[in-house]
Amino acid sequence: MTKTKYIVSGGIAFSEKKDLKILKKYAAKGWIAKRYKAMGYELEKGEPEIIDYSIDVRRLAPEDEEEYFAMFEFAGWQHVCSSYDTHLFKAPVGTTPIYSDTTSKSEKLLRLRKSIMPAMWLTVCLTVMSYFAMVVTGGTIELVSKMLFNFFIILMILCVLMFIALTYRSMRIR
């Protein structure tokens with residue numbers, strides 16, 4: 001029997017609540033989230049748990065990590081895993097949510113939106129640069145520029161969609 005399972009994430013910007021509900025359902029069946037992996041979560045088979053999951057987005061300095069995780073543990077939330085600035089927590093059902101008011105929810109979305117801004121602007125710049133390289137050059141460089149343009153424009157569209165989704169979610173909270 002397989003002891004690990006991988007489930008795809010819809011992305012925090014687009015389907016955070018749905019992802020957390022799916023993780024909760026899997027936990028009730030004994031599939032417990034252990035880590036982020038690629039574009040999803042790796043689950044390990046264990047004892048069923050009736051738990052909620054929550055995600056926090058916060059840039060931490062190494063010296064702040066211990067205090068940060070202790071604060072969540074004090075509130076009943078156990079750290080599961082982290083990937084860059086995104087931290088997954090779990091707690092028994094009924095634990096006070098990490099984000100229980102509109103101000104904290106809005107601040108979380110703002111931090112998430114700020115975290116994708118550099119990637120969005122980088123992809124915009126690379127898309128424009130590859131476009132001009134494609135138009136100005138010829139031969140092999142033009143061909144490589146076309147491939148890069150197609151690659152960067154896809155990344156740029158994804159970043160812009162994430163930004164729009166987070167802005168929309170932020171507006172709905174207010």
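Student: To start, where does Glu67 lie?
Tutor: Glu67 lies in helix 2. Helices here are DSSP runs of H or I with at least four residues, strands are E runs of at least two, and both are numbered from the N terminus. This is a predicted model, in which local features need pLDDT of at least 70 and side-chain atom pairs count only at pLDDT 80 or more, while totals for chains, interfaces and linings use all residues. Residues are numbered from 1 along each chain as its sequence is written, and side-chain values use heavy atoms, with hydrogens and water left out.

Student: Is Glu67 buried or exposed?
Tutor: Glu67 has a relative accessible area of 63%, so it is exposed. Buried means under 20% relative accessible area, exposed means over 50%, and partly exposed is in between, with a 1.4 Å probe and protein chains only.

Student: Which other residues of helix 2 are exposed?
Tutor: Glu66, Met71, Glu73 and Phe74 are among the exposed residues there, together with Glu67. Tyr68, Phe69 and Phe72 of helix 2 are buried. These three cover an arc of only 90° around the axis, and therefore they are on the same side of helix 2. The arc is that of the directions from the helix axis to the C-beta atoms. The exposed residues are on the other side of helix 2.

Student: Which aromatic cluster do Tyr68, Phe69 and Phe72 form, and with what?
Tutor: Tyr68, Phe69 and Phe72 form one aromatic cluster with Phe89.

Student: How many aromatic pairs are in the whole structure?
Tutor: A search of the whole structure finds nine. Rings of Phe, Tyr and Trp (its six-membered ring) pair if their centres lie within 6.5 Å; planes under 30 degrees apart count as stacked, over 60 as edge-to-face and the rest as tilted. One of the pairs is Phe72 with Phe89, which is stacked, at 4.3 Å centre to centre with 20° between the planes. That pair links distant parts of the chain, since Phe72 is in helix 2 (residues 65–74) and Phe89 is in strand 6, 17 residues apart. Both Phe72 and Phe89 are buried.

Student: Now a new topic. Where is Tyr84 found?
Tutor: Tyr84 is in the loop between strand 5 (78–83) and strand 6 (86–92). Its phi is near 55°, a positive value in a residue other than glycine. Tyr84 counts as exposed because its relative accessibility is 80%.

Student: And what about Glu47, where is its place?
Tutor: Glu47 is in the loop between strand 3 (40–45) and strand 4 (51–57). With a relative accessible area of 65%, Glu47 is exposed.

Student: How many residues apart in sequence are Glu47 and Ala28?
Tutor: They are 19 residues apart in sequence, and 8.5 Å apart in space, C-alpha to C-alpha. For Glu67 and Gly139, the values are 72 residues in sequence and 57 Å in space, C-alpha to C-alpha.
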